[in-house]
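Let me put it up here and go through it piece by piece.

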Amino acid sequence: VIPLPESKMFRDWGKLVCFILPLFSLERILEDHESVVEVQATWPVGGDSRFVFRKNYAKYELFKSSPQSIFPEVMVSRCQDAANKGMSHLELIQNVLNSGSCPEIQGFLHLKEVGRKAWKRFYFSLRRSGLYYSTKGMSKDPRHLQYCVDINESVIYYISQGKKQYHTPTEYGFCIKPHKARSGLKGLKLFCCEDEQSRTCWMAAFRLFKYGIQLYRNYQQCQTRQKEPAWFGTVPLRSVSDNTLVAMDFSGCTGRVIENPNEALTVALEEARAWRKKTSQRYSLPTAFQSCPFGAAIHKMQPWFHGHISREDTQRLIIQQGLVDGLFLVRESQRNPKGFVLSLSHTQKVKHYLILPCEEEGRLYYTMDDGQTRFADLIQLVEFHQINRGILPCKLKHYCMCVAL
């Protein structure tokens, strides 16, 4: 049994703490300023609430990515006023993020209150004073606005098994739970979005409204901790940064930066062919191993390989760890017994790319583009796409960790 330390130490040690209510299929990420002990003190006696360690690359994405990816223009109600004043949507969002505030968020949500069977679709507005929904279409007239939730007195949760537990119209559900509702479903407000982007927007806006400048301070402290040297643990085998990787030509006496994209692609393909030649030593094994080639199993010890998991579990796992561009994993294909699938997050969607084996001169290779680009094993394929985008919409940046689903 490991005693629960205070919030900061707990998060530095475990990377991230997630609070889960399995009975209700609810979970949320603890903010860095929250005390783990104080949160645990609110649990009902005999309940099944628990903390888990989980990496989430999207926790502070609202401060790192472009504001439009978090707050779509259609959901920001003051965009039209800002346009009339000559301020762009990007400038508006950047301004409110720097000040630790957030513009009013609006859009359609499906609502289901506990005790009611059907889900109803309303037009909602999130303001500093709370969350409201319109009783008459998209009207924002005070006569038609119904008060729904007090932000400061509530906590927001993701719904992990929405369709199974609450019969949600889509998988993109979230729940707002009042502080006074310590146990049971009483007082819970269940919501459902049309897509992941709108759910991300609502969740980010709720956090900004509730915590304000404290959330930005948490982000700054997190950035500082990441720059500090680790007290323990091994040094990563590979560290790739977009800002430090450039195409270089070392064929001459001195290195030369390749600025022509077409020339850079040609060099990358030549490098991939050179890697294939170097892999001949990988297969120089004793005769006892020839019946099971080393290259056929070399990927199984990699942290990004998840074996035989379903497409649905893959979606859930990547969503849990944050839909940031470049988050990926490799798994066995369910439809093709000899193939694999590269599952990649891009623009808040999970895309899947089939990896098929092919033979050339009696040697096995893997390809995602019908043999135009071939790799001797999956490790080579992943390493190549960590540096080169290839046919993918973005480079591979973060591997999805294997955690309990």
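My entries below go from the whole chain down to single residues.

**Ground rules**

I'm working from a predicted model, in which local features need pLDDT of at least 70 and side-chain atom pairs count only at pLDDT 80 or more, while totals for chains, interfaces and linings use all residues. Residues are numbered from 1 along each chain as its sequence is written, and side-chain values use heavy atoms, with hydrogens and water left out.

**Confidence**

I looked up pLDDT, the predictor's confidence in each residue, from 0 to 100. The protein averages 80, and 75% of the residues score at least 70. Residues 1-14 have a pLDDT below 50, and that stretch still has 31 contacts in the model beyond near neighbours in sequence. A contact here means heavy atoms within 4.5 Å. I noted another such stretch, residues 232-244, where pLDDT stays under 50 and the model has 8 contacts beyond four places in sequence.

**The whole protein**

I found 12 helices and 18 strands. Both are DSSP runs numbered from the N terminus: helices are H or I with at least four residues, strands are E with at least two. I then asked how much of the protein is buried, and the figure is 46% of the 405 residues. Buried means under 20% relative accessible area, exposed means over 50%, and partly exposed is in between, with a 1.4 Å probe and protein chains only.

The protein exposes about 22,900 Å², and carbon and sulfur atoms supply 52% of that. Those accessible areas come from the Shrake-Rupley method with a 1.4 Å probe; for residues, only the protein chains shown count as cover. Among contacts with a separation of 6 or more, residues 24 or more positions apart account for 56%.

**The six-stranded sheet**

In what order do the strands of the open sheet of 6 strands run? I read S17-S16-S15-S14-S13-S18, with mixed pairing. The edges are S17 (374-375) and S18 (398-399), each pairing on one side only. Helix H11 (residues 311-320) packs on the sheet and touches S13 (327-332), S14 and S15; its direction makes about 160 degrees with that of S13. For that angle, axes are lines fitted to C-alpha atoms, for helices over the stretch in contact, and angles run from 0 to 180 degrees between N-to-C directions.

I zoomed in on S14 (residues 340-346) and S15 (residues 349-360), which pair antiparallel over 7 bridges. Two strands count as paired if DSSP finds at least two bridges between them.

Is strand S9 (residues 173-178) largely enclosed or open? I count it as largely enclosed by the rest of the structure, because 6 of its 6 residues are buried. Both faces are covered: Gly173, Cys175 and Lys177 are buried on one side, and Phe174, Ile176 and Pro178 on the other.

S8 (residues 154-159) runs antiparallel to S9, joined by 5 bridges. Ile156 has Ile176 as its bridge partner in S9, and Ser154 stands opposite Pro178. S8 is mostly covered too, with 5 of its 6 residues buried. I also traced S2 (residues 26-29), which pairs antiparallel with S8 over 2 bridges; there Leu26 is partnered by Ile159.

S9 also runs antiparallel to S10 (residues 189-192), through 4 bridges. Phe174 stands opposite Phe191 there.

**Single residues**

Gly162 lies in helix H7 (residues 162-166). I have it as buried, because its relative accessibility is 2%. Leaving out residues up to four places away in sequence, Gly162 touches His167, Thr168 and Glu171. Its C-alpha is 6.2 Å from that of Gly173, 11 residues apart along the chain.

Ser49 sits in the loop between helix H2 (36-41) and strand S3 (50-53). At 13% relative accessibility, Ser49 is also buried. Beyond four places in sequence, Ser49 touches Phe19, Ile20, Leu21, Pro22 and Trp43.

**Cysteines**

I looked for disulfides, pairs of cysteine sulfur atoms within 2.5 Å, and the structure holds 0. Cys192 is in none; the nearest cysteine sulfur, that of Cys193, is 6.6 Å away. Cys192 is buried at 0% relative accessible area, and Cys394 is buried at 10%.
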